[in-house]
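I opened my notebook to write down what I looked up, one entry at a time.

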Amino acid sequence: MVEHATAKGRVQRFWNEAACGENLYLFSVDREGYSRQAADRYALEPFIEPFADFRSASGKKVLEIGVGLGADHQRFAEAGAELYGIDLTERAVAHARRRLSMFGLRSRLAVGDAESLSFPDGAFALVYSWGVIHHTPDTPRAAAEILRVLEPGGTFKVMIYQRRSLVGLMLWVRYALLRLRPFTTMDAIYAAHLESPGTKAYSVREAAALFAGAADVRITTVLTHGDLLASGAGQRHRGLALTVARRVFPRALVRKLLPGWGLFMLISGRKPAAPSITGEPSRQTIGRQTTARGPALAAANDHGVA
Ligand SMILES: C[S@@+](CC[C@H](N)C(=O)[O-])C[C@H]1O[C@@H](n2cnc3c(N)ncnc32)[C@H](O)[C@@H]1O
(Lines give C-alpha, C1' and ligand atoms only; values in the text may rest on other atoms or scores of the structure.)
Protein backbone atom coordinates (compact mmCIF):
# COMPACT_ATOMS: atom_id res chain seq x y z
CA MET A 1 0.00 0.00 0.00
CA VAL A 2 2.75 2.41 1.05
CA GLU A 3 4.78 1.23 -1.92
CA HIS A 4 1.82 1.92 -4.23
CA ALA A 5 1.38 5.43 -2.82
CA THR A 6 5.10 6.12 -3.26
CA ALA A 7 4.99 4.87 -6.84
CA LYS A 8 1.99 7.12 -7.54
CA GLY A 9 3.82 10.04 -5.92
CA ARG A 10 6.78 9.51 -8.24
CA VAL A 11 4.49 9.56 -11.28
CA GLN A 12 2.82 12.73 -10.03
CA ARG A 13 6.13 14.47 -9.36
CA PHE A 14 7.43 13.58 -12.81
CA TRP A 15 4.43 15.05 -14.67
CA ASN A 16 4.23 18.06 -12.35
CA GLU A 17 7.72 19.10 -13.44
CA ALA A 18 6.60 19.39 -17.04
CA ALA A 19 3.36 18.27 -18.63
CA CYS A 20 3.57 15.90 -21.56
CA GLY A 21 5.25 17.66 -24.52
CA GLU A 22 5.59 20.94 -22.62
CA ASN A 23 9.35 21.27 -22.95
CA LEU A 24 9.51 20.15 -26.56
CA TYR A 25 6.40 21.61 -28.19
CA LEU A 26 4.96 24.44 -26.06
CA PHE A 27 6.84 27.65 -26.88
CA SER A 28 4.46 30.11 -25.22
CA VAL A 29 1.50 29.89 -22.89
CA ASP A 30 -0.96 31.75 -25.07
CA ARG A 31 -3.36 30.98 -27.92
CA GLU A 32 -0.56 30.88 -30.45
CA GLY A 33 1.59 28.58 -28.31
CA TYR A 34 -1.23 26.13 -27.68
CA SER A 35 -2.27 26.20 -31.36
CA ARG A 36 1.28 25.46 -32.47
CA GLN A 37 1.57 22.64 -29.98
CA ALA A 38 -1.66 21.12 -31.31
CA ALA A 39 -0.49 21.49 -34.92
CA ASP A 40 2.78 19.71 -34.11
CA ARG A 41 0.94 17.01 -32.17
CA TYR A 42 -1.48 16.12 -34.96
CA ALA A 43 1.24 16.30 -37.63
CA LEU A 44 3.48 13.91 -35.67
CA GLU A 45 0.61 11.65 -34.59
CA PRO A 46 -1.89 11.79 -37.46
CA PHE A 47 -3.65 8.69 -36.15
CA ILE A 48 -5.04 10.54 -33.09
CA GLU A 49 -7.77 12.40 -34.96
CA PRO A 50 -9.30 9.40 -36.79
CA PHE A 51 -9.13 7.35 -33.60
CA ALA A 52 -10.60 9.98 -31.28
CA ASP A 53 -13.12 11.11 -33.92
CA PHE A 54 -13.68 14.28 -31.90
CA ARG A 55 -16.71 15.42 -33.90
CA SER A 56 -18.64 12.27 -33.03
CA ALA A 57 -18.54 13.41 -29.38
CA SER A 58 -20.90 16.29 -30.11
CA GLY A 59 -23.67 16.42 -27.50
CA LYS A 60 -22.26 13.41 -25.62
CA LYS A 61 -21.12 13.29 -22.03
CA VAL A 62 -17.38 12.72 -22.30
CA LEU A 63 -14.63 12.12 -19.74
CA GLU A 64 -10.98 12.50 -20.67
CA ILE A 65 -8.55 10.88 -18.25
CA GLY A 66 -5.06 12.43 -18.20
CA VAL A 67 -5.61 15.66 -20.15
CA GLY A 68 -1.92 16.72 -20.20
CA LEU A 69 -1.55 20.02 -22.08
CA GLY A 70 -5.16 19.71 -23.22
CA ALA A 71 -4.94 19.57 -27.03
CA ASP A 72 -7.36 16.67 -27.37
CA HIS A 73 -9.52 18.16 -24.64
CA GLN A 74 -9.82 21.34 -26.67
CA ARG A 75 -10.95 19.30 -29.69
CA PHE A 76 -13.67 17.57 -27.67
CA ALA A 77 -14.83 20.95 -26.34
CA GLU A 78 -14.87 22.44 -29.85
CA ALA A 79 -16.93 19.47 -31.02
CA GLY A 80 -19.60 20.38 -28.46
CA ALA A 81 -19.17 17.52 -25.98
CA GLU A 82 -20.51 17.86 -22.45
CA LEU A 83 -16.99 17.62 -21.20
CA TYR A 84 -15.19 16.48 -18.05
CA GLY A 85 -11.44 16.07 -17.64
CA ILE A 86 -9.08 14.91 -14.94
CA ASP A 87 -5.35 14.61 -14.49
CA LEU A 88 -3.17 13.48 -11.61
CA THR A 89 -1.30 16.80 -11.66
CA GLU A 90 -2.23 20.39 -10.90
CA ARG A 91 0.07 21.43 -13.69
CA ALA A 92 -1.83 19.62 -16.44
CA VAL A 93 -5.20 20.75 -15.11
CA ALA A 94 -3.94 24.35 -15.00
CA HIS A 95 -2.73 24.11 -18.61
CA ALA A 96 -5.99 22.59 -19.84
CA ARG A 97 -8.08 25.18 -17.94
CA ARG A 98 -6.03 28.06 -19.29
CA ARG A 99 -6.11 26.66 -22.77
CA LEU A 100 -9.86 26.20 -22.86
CA SER A 101 -10.57 29.60 -21.34
CA MET A 102 -8.28 31.27 -23.90
CA PHE A 103 -10.42 29.76 -26.64
CA GLY A 104 -13.73 30.49 -24.88
CA LEU A 105 -14.46 26.79 -24.30
CA ARG A 106 -15.89 24.94 -21.32
CA SER A 107 -15.06 21.76 -19.42
CA ARG A 108 -15.28 20.63 -15.84
CA LEU A 109 -11.61 19.99 -15.07
CA ALA A 110 -10.23 18.67 -11.81
CA VAL A 111 -7.23 16.93 -10.33
CA GLY A 112 -8.16 13.27 -10.07
CA ASP A 113 -6.86 9.74 -10.13
CA ALA A 114 -7.63 7.26 -12.91
CA GLU A 115 -7.56 4.48 -10.32
CA SER A 116 -10.41 5.91 -8.28
CA LEU A 117 -12.61 8.18 -10.35
CA SER A 118 -14.95 10.45 -8.43
CA PHE A 119 -17.87 9.82 -10.80
CA PRO A 120 -20.85 7.53 -10.33
CA ASP A 121 -21.30 4.30 -12.29
CA GLY A 122 -22.60 4.75 -15.83
CA ALA A 123 -21.98 8.52 -15.96
CA PHE A 124 -20.41 8.85 -19.42
CA ALA A 125 -21.14 7.97 -23.04
CA LEU A 126 -17.44 8.15 -23.94
CA VAL A 127 -14.26 7.79 -21.90
CA TYR A 128 -11.07 8.80 -23.69
CA SER A 129 -7.51 8.44 -22.43
CA TRP A 130 -4.39 8.86 -24.55
CA GLY A 131 -1.10 7.60 -23.18
CA VAL A 132 -2.06 7.69 -19.51
CA ILE A 133 -3.07 4.48 -17.75
CA HIS A 134 0.24 2.70 -18.42
CA HIS A 135 1.83 5.36 -16.15
CA THR A 136 -0.34 4.70 -13.13
CA PRO A 137 0.82 1.90 -10.80
CA ASP A 138 -2.42 -0.11 -10.96
CA THR A 139 -3.35 -0.10 -14.64
CA PRO A 140 -5.95 -2.92 -14.37
CA ARG A 141 -7.75 -0.84 -11.75
CA ALA A 142 -7.76 2.19 -14.05
CA ALA A 143 -9.19 0.04 -16.88
CA ALA A 144 -11.90 -1.25 -14.52
CA GLU A 145 -12.72 2.33 -13.52
CA ILE A 146 -13.12 3.30 -17.18
CA LEU A 147 -15.70 0.54 -17.65
CA ARG A 148 -17.41 1.39 -14.38
CA VAL A 149 -18.07 5.04 -15.26
CA LEU A 150 -19.29 4.22 -18.76
CA GLU A 151 -23.01 3.93 -19.36
CA PRO A 152 -24.18 0.58 -20.77
CA GLY A 153 -23.36 0.67 -24.48
CA GLY A 154 -20.90 3.54 -23.91
CA THR A 155 -17.55 3.66 -25.73
CA PHE A 156 -13.97 3.85 -24.51
CA LYS A 157 -10.93 4.89 -26.53
CA VAL A 158 -7.58 4.33 -24.87
CA MET A 159 -3.96 4.35 -25.98
CA ILE A 160 -1.35 2.42 -24.04
CA TYR A 161 2.14 1.26 -24.92
CA GLN A 162 2.98 -1.99 -26.64
CA ARG A 163 5.88 -3.95 -25.16
CA ARG A 164 7.19 -5.25 -28.50
CA SER A 165 8.09 -1.87 -29.97
CA LEU A 166 11.05 -0.31 -31.74
CA VAL A 167 11.22 2.37 -29.05
CA GLY A 168 11.52 -0.40 -26.46
CA LEU A 169 14.08 -2.27 -28.51
CA MET A 170 16.24 0.82 -28.99
CA LEU A 171 16.08 1.61 -25.28
CA TRP A 172 17.01 -1.97 -24.50
CA VAL A 173 20.05 -1.81 -26.83
CA ARG A 174 21.14 1.42 -25.21
CA TYR A 175 20.50 0.68 -21.54
CA ALA A 176 20.88 -3.12 -21.41
CA LEU A 177 23.00 -4.46 -24.27
CA LEU A 178 25.52 -1.63 -24.48
CA ARG A 179 25.88 -1.65 -20.69
CA LEU A 180 26.54 -5.39 -20.84
CA ARG A 181 23.31 -6.22 -19.01
CA PRO A 182 21.58 -8.32 -21.66
CA PHE A 183 19.31 -10.04 -19.13
CA THR A 184 17.51 -6.79 -18.33
CA THR A 185 13.85 -7.29 -19.18
CA MET A 186 11.87 -5.02 -21.45
CA ASP A 187 9.56 -4.24 -18.53
CA ALA A 188 12.52 -3.00 -16.48
CA ILE A 189 13.64 -0.87 -19.42
CA TYR A 190 10.24 0.80 -19.86
CA ALA A 191 9.92 1.35 -16.12
CA ALA A 192 13.30 3.06 -15.84
CA HIS A 193 13.72 4.88 -19.15
CA LEU A 194 10.39 5.78 -20.75
CA GLU A 195 8.79 8.90 -19.29
CA SER A 196 7.56 8.68 -15.68
CA PRO A 197 9.10 6.07 -13.35
CA GLY A 198 7.32 2.72 -13.52
CA THR A 199 5.87 3.11 -17.03
CA LYS A 200 4.48 -0.18 -18.30
CA ALA A 201 3.93 -1.72 -21.72
CA TYR A 202 1.68 -4.58 -22.75
CA SER A 203 1.29 -7.29 -25.32
CA VAL A 204 -1.84 -7.12 -27.46
CA ARG A 205 -3.28 -10.07 -25.52
CA GLU A 206 -2.56 -8.43 -22.17
CA ALA A 207 -4.22 -5.26 -23.40
CA ALA A 208 -7.28 -7.26 -24.44
CA ALA A 209 -7.33 -8.84 -20.98
CA LEU A 210 -7.38 -5.40 -19.34
CA PHE A 211 -10.71 -4.80 -21.07
CA ALA A 212 -11.97 -8.38 -20.89
CA GLY A 213 -15.34 -7.19 -19.61
CA ALA A 214 -15.95 -5.04 -22.70
CA ALA A 215 -17.62 -5.76 -26.02
CA ASP A 216 -16.41 -5.07 -29.58
CA VAL A 217 -12.82 -4.53 -28.45
CA ARG A 218 -10.55 -3.45 -31.26
CA ILE A 219 -6.80 -3.13 -30.87
CA THR A 220 -4.55 -1.51 -33.44
CA THR A 221 -0.81 -1.00 -33.09
CA VAL A 222 0.81 2.01 -34.69
CA LEU A 223 4.40 2.79 -35.64
CA THR A 224 5.12 6.22 -34.16
CA HIS A 225 7.59 9.01 -34.83
CA GLY A 226 9.47 7.64 -31.80
CA ASP A 227 9.75 4.15 -33.32
CA LEU A 228 11.01 5.71 -36.56
CA LEU A 229 13.31 8.28 -34.89
CA ALA A 230 11.45 10.81 -36.98
CA SER A 231 11.12 13.66 -34.46
CA GLY A 232 12.88 15.47 -31.64
CA ALA A 233 11.27 13.18 -29.05
CA GLY A 234 13.60 11.24 -26.75
CA GLN A 235 15.69 14.24 -25.66
CA ARG A 236 16.62 12.58 -22.39
CA HIS A 237 18.48 9.86 -24.33
CA ARG A 238 20.36 12.28 -26.56
CA GLY A 239 23.98 11.64 -27.38
CA LEU A 240 26.15 10.62 -30.29
CA ALA A 241 24.44 7.23 -30.69
CA LEU A 242 21.01 8.84 -31.05
CA THR A 243 22.28 11.51 -33.45
CA VAL A 244 23.88 8.90 -35.70
CA ALA A 245 20.88 6.56 -35.46
CA ARG A 246 18.55 9.40 -36.56
CA ARG A 247 20.71 10.00 -39.64
CA VAL A 248 21.01 6.39 -40.79
CA PHE A 249 17.70 4.92 -39.60
CA PRO A 250 16.22 2.81 -42.45
CA ARG A 251 12.65 4.12 -42.06
CA ALA A 252 11.22 2.79 -45.32
CA LEU A 253 12.56 -0.69 -44.61
CA VAL A 254 11.31 -0.67 -41.02
CA ARG A 255 7.82 0.39 -42.14
CA LYS A 256 7.79 -2.48 -44.60
CA LEU A 257 9.33 -5.21 -42.46
CA LEU A 258 8.22 -4.34 -38.91
CA PRO A 259 4.79 -2.71 -39.18
CA GLY A 260 3.62 -4.39 -35.97
CA TRP A 261 6.48 -3.02 -33.84
CA GLY A 262 4.86 0.29 -32.97
CA LEU A 263 4.85 1.69 -29.43
CA PHE A 264 1.24 2.79 -29.47
CA MET A 265 -1.66 0.42 -29.00
CA LEU A 266 -5.03 1.98 -29.79
CA ILE A 267 -7.83 0.21 -27.97
CA SER A 268 -11.52 0.88 -28.37
CA GLY A 269 -14.61 -0.98 -27.25
CA ARG A 270 -17.96 -0.71 -25.56
CA LYS A 271 -19.38 -1.45 -22.18
CA PRO A 272 -21.87 -4.25 -22.79
CA ALA A 273 -25.45 -2.95 -22.96
CA ALA A 274 -26.54 -5.59 -20.45
CA PRO A 275 -24.68 -8.34 -18.61
CA SER A 276 -24.15 -11.30 -20.95
CA ILE A 277 -26.31 -14.23 -19.93
CA THR A 278 -24.84 -16.58 -22.51
CA GLY A 279 -21.29 -16.30 -21.21
CA GLU A 280 -20.07 -15.86 -24.79
CA PRO A 281 -16.67 -14.20 -25.15
CA SER A 282 -16.81 -10.64 -26.45
CA ARG A 283 -15.64 -9.98 -29.97
CA GLN A 284 -12.09 -8.68 -30.25
CA THR A 285 -10.29 -7.46 -33.33
CA ILE A 286 -6.56 -7.10 -33.46
CA GLY A 287 -4.94 -5.03 -36.15
CA ARG A 288 -1.96 -2.94 -36.95
CA GLN A 289 -1.31 0.22 -38.78
CA THR A 290 1.99 1.30 -40.27
CA THR A 291 2.26 4.99 -39.85
CA ALA A 292 4.23 7.85 -38.49
CA ARG A 293 3.18 10.53 -40.94
CA GLY A 294 0.77 11.05 -43.79
CA PRO A 295 -2.43 9.39 -44.90
CA ALA A 296 -0.70 7.13 -47.43
CA LEU A 297 1.03 5.37 -44.56
CA ALA A 298 -1.98 5.24 -42.35
CA ALA A 299 -3.87 2.33 -43.86
CA ALA A 300 -5.18 0.07 -41.12
CA ASN A 301 -4.31 -3.57 -41.49
CA ASP A 302 -6.74 -5.58 -39.42
CA HIS A 303 -5.83 -9.20 -39.55
CA GLY A 304 -7.67 -11.24 -37.05
CA VAL A 305 -10.68 -11.76 -34.89
CA ALA A 306 -10.16 -13.62 -31.65
C1 LIG B 1 2.12 11.07 -21.43
S2 LIG B 1 1.06 12.21 -20.60
C3 LIG B 1 -0.33 12.20 -21.71
C4 LIG B 1 -1.14 13.44 -21.60
C5 LIG B 1 -2.15 13.64 -22.72
N6 LIG B 1 -3.17 12.64 -22.71
C7 LIG B 1 -1.41 13.66 -24.05
O8 LIG B 1 -1.64 12.79 -24.87
O9 LIG B 1 -0.62 14.56 -24.24
C10 LIG B 1 0.48 11.28 -19.22
C11 LIG B 1 -0.49 12.04 -18.34
O12 LIG B 1 -1.15 11.10 -17.49
C13 LIG B 1 -1.33 11.68 -16.24
N14 LIG B 1 -1.52 10.61 -15.26
C15 LIG B 1 -0.64 9.67 -14.86
N16 LIG B 1 -1.20 8.86 -13.95
C17 LIG B 1 -2.46 9.29 -13.77
C18 LIG B 1 -3.53 8.88 -12.93
N19 LIG B 1 -3.42 7.87 -12.08
N20 LIG B 1 -4.70 9.56 -13.00
C21 LIG B 1 -4.84 10.62 -13.84
N22 LIG B 1 -3.85 11.04 -14.65
C23 LIG B 1 -2.68 10.40 -14.62
C24 LIG B 1 -0.06 12.49 -16.04
O25 LIG B 1 -0.18 13.46 -15.04
C26 LIG B 1 0.15 13.06 -17.43
O27 LIG B 1 -0.48 14.31 -17.58
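**Ground rules.** I call a residue buried if 20 or more other C-beta atoms lie within 10 Å of its own, exposed if 12 or fewer, and partly exposed in between, with C-beta atoms placed from the backbone. My residue numbers start from 1 along each chain, as its sequence is written. The model is predicted, so local features need pLDDT of at least 70 and side-chain atom pairs count only at pLDDT 80 or more, while totals for chains, interfaces and linings use all residues.

**Overview.** I found twelve helices and nine strands in the protein. Helices (H or I, at least four residues) and strands (E, at least two) are DSSP runs, numbered from the N terminus. Of the 306 residues, 41% are buried. I also looked up contacts: two residues are in contact if their C-beta atoms, placed from the backbone, lie within 7 Å. Taking contacts between residues at least 6 apart in sequence, 69% join residues at least 24 apart.

Aspartate 216 sits in strand β6 (residues 215–222). Its phi is near 50 degrees, which is positive even though the residue is not a glycine. Is aspartate 216 buried or partly exposed? I got 13 C-beta neighbours inside 10 Å, so aspartate 216 is partly exposed. Glutamate 195 is another non-glycine with a positive phi, about 60 degrees. I located glutamate 195 in the loop between α9 and α10 (204–210). It has 16 other C-beta atoms within 10 Å, so it counts as partly exposed.

**Helix α6.** This helix (residues 90–102) has 13 residues and reaches 18 Å from first C-alpha to last, close to the 18 Å expected at 1.5 Å a residue. The expected span is 1.5 Å times one less than the number of residues. Which residues of α6 are buried? I listed Ala92, Val93, His95, Ala96, Arg99 and Leu100. Seen down the axis, the buried residues fall within an arc of 160 degrees, so they line one face of α6. That arc is taken over the directions from the helix axis to the C-beta atoms. On the other side of α6, I noted Glu90 and Ser101 as exposed. The buried residues pack against α1 (2–17), α3 (31–44), α5 (71–78), β2 (82–87) and β3 (108–111). Just after α6, glycine 104 has a positive phi of about 65 degrees.

**Helix α5.** I saw that seven of the eight residues in α5 are buried. Among them are His73, Arg75 and Phe76. Their cover includes α4 (48–52), β1 (61–65) and β4 (124–130).

**α8 and α9.** The axes of α8 (residues 166–177) and α9 (residues 186–193) come within 10 Å and cross at roughly 85 degrees. Axes are lines fitted to C-alpha atoms, for helices over the stretch in contact, and angles run from 0 to 180 degrees between N-to-C directions. So α8 and α9 are roughly perpendicular, where angles under 35 degrees count as roughly parallel, over 145 as roughly antiparallel, 65 to 115 as roughly perpendicular and the rest as oblique. I jotted down Gly168, Leu171, Trp172, Tyr175 and Ala176 in α8, which meet Met186, Ile189, Tyr190 and His193 in α9.

**Valine 132.** I found valine 132 in the loop between β4 and α7 (139–149). With 24 C-beta neighbours inside 10 Å, valine 132 is buried.
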